[in-house]
Protein chains: 2
Amino acid sequence: MARALIFDLDGTLVDTVYAHVFAWQRALAEEGMPIDGWRIHRRIGMSGGLFARAVAREVGRQLSVEETEAIQQRHGAIFRELLPERRALPGARALLEDLRNRGIVHGIATSGRHPEIDLSLEVLGVGAETVVIDRGDVARAKPEPDLFLACQAALGVDPDDCYVVGDAVWDLLAARRARMLSVGLLSGGYGADELLNAGAFRVYDDAEELHKSLDELGFDV
Amino acid sequence: MARALIFDLDGTLVDTVYAHVFAWQRALAEEGMPIDGWRIHRRIGMSGGLFARAVAREVGRQLSVEETEAIQQRHGAIFRELLPERRALPGARALLEDLRNRGIVHGIATSGRHPEIDLSLEVLGVGAETVVIDRGDVARAKPEPDLFLACQAALGVDPDDCYVVGDAVWDLLAARRARMLSVGLLSGGYGADELLNAGAFRVYDDAEELHKSLDELGFDV
């Protein structure tokens, strides 16, 4: 059995969602585009293009390419200022270590980019041995299936044998479009029903609970 | 018919939840008590004493009164730094103005305190004409019913005739204990199922949608 796990990064393995929400909120407010925190939260993890279009809809006008780029830059600067240190979510580092030790096939597929994600990979103890697909590797981010399909191809397994693990509905929708089963984690701040409705067949609190529950996913533990 | 509305403040009328979450996260991390953002988020709006006990459980040891006080002070300082300006949630100001103009009985009952809440009341256009019950007015905060009961008493209506409007499960649990019906708003970042399971009989996006839906609550509009 060559079952594989494909992990999202932000909110799934590292505790960055609330800093991202607040950094977007402040970057947008500075540009005269105040948007409710909860509406930003529910869009974290979707592609930057979709996010910019959603923002435009909220503020009621188109954003220029230059405006979008400037807001993204400012978001990155505020995010680094808010969260100079990165923190792994409970159990994430131990889970990945265990998967490596036991030879369970797994990879990471994130809408983030190098070098922003490097610090996250470092606190997770993830090195060159692990397949990491980032935004720069594919044409389209979540909820398109490209990130997960690129990860599955790099892992050399069938989509049918992959379980996606994510905290956002965008992960779960992308998993369905990639014809993969998916597991939701509450560690990104969504409610369980939102994750189940988006297609997760199980929901756990966080990586720690997932680790204890690998047998429920059919892994031989 | 003397039906009345009792509003929570943070996350219900003003867009402060994500700044509160991040300020708590940073204040706790500075004290060597890193706690997941989502676990803080789900505890915003409960009483400070319960919050401190929840934190103690997460970090696995008791907090002294001095530690609790120091973390609360630091949270307040970071919060004011993150969010020097306060922002009303969409529709909140107009809703309150309309209720005043039409003589619909209403008040605000918050776990926050003066002077921290003063800026919020100001951006909402709420003055001395409106009943505002704050943490200093009662012995116990949410999910105890005291805040809502004090507000109802000040408004001179029966609990049976009060609808509580809140964004957190703590509001909805406190409403049930006060024998009041409640309405949930998504503007604090909870999922709809969490609010319905906690007892809300309706869930709306935000104050704006609630305003358009007052007839669904039996108000004569």
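Predicted model: local features only at pLDDT ≥ 70, side-chain atom pairs only at ≥ 80, totals over all residues.
Residues are numbered from 1 along each chain as its sequence is written, while chains are lettered from A and ligands numbered from 1 in the order in which they are written.

Chain A has 10 helices and six strands, taken as DSSP runs (H or I, at least four residues, for helices; E, at least two, for strands) numbered from the N terminus. Its radius of gyration, over C-alpha atoms, is 17 Å, close to the 17 Å that the globule rule gives for 221 residues, so chain A is as compact as a globular protein of that length. That rule is 2.2 Å times the number of residues to the power 0.38.

Now for strand S5. Five of the five residues of S5(A) (residues 181–185) are buried, so the strand is largely enclosed by the rest of the structure. In a regular strand the side chains alternate between the two faces of the sheet. Here Leu181(A), Val183(A) and Leu185(A) sit on one side, with Ser182(A) and Gly184(A) on the other, and both faces are covered.

S5(A) also has a strand partner in S4(A) and another in S6(A); strands pair if DSSP finds at least two bridges between them.

| Strand pair | Bridges | Direction |
|---|---|---|
| S4(A) (residues 162–166) and S5(A) | four | parallel |
| S5(A) and S6(A) (residues 202–204) | three | parallel |

Val165(A) has Val183(A) as its bridge partner in S5(A), and Gly184(A) has Val203(A) in S6(A). The chain crosses from S5(A) through helix H9(A) (residues 192–197) to S6(A) in a right-handed β-α-β crossover: with the strands pointing away from the viewer, the path from the first strand over the helix to the second runs clockwise. S4(A), helix H8(A) (residues 169–177) and S5(A) make a right-handed β-α-β unit too.

What about the contact with chain B? It takes 25 residues from chain A and 24 residues from chain B, with contact meaning C-beta atoms, placed from the backbone, within 7 Å. On chain A's side, helix H1 (17–30), helix H2 (37–41) and H9 each give two or more residues, and H1(A) gives the most, with six residues.

Definitions and conventions: Buried ≥ 20, exposed ≤ 12 C-beta atoms within 10 Å, placed from the backbone. Contact = placed C-beta atoms within 7 Å.
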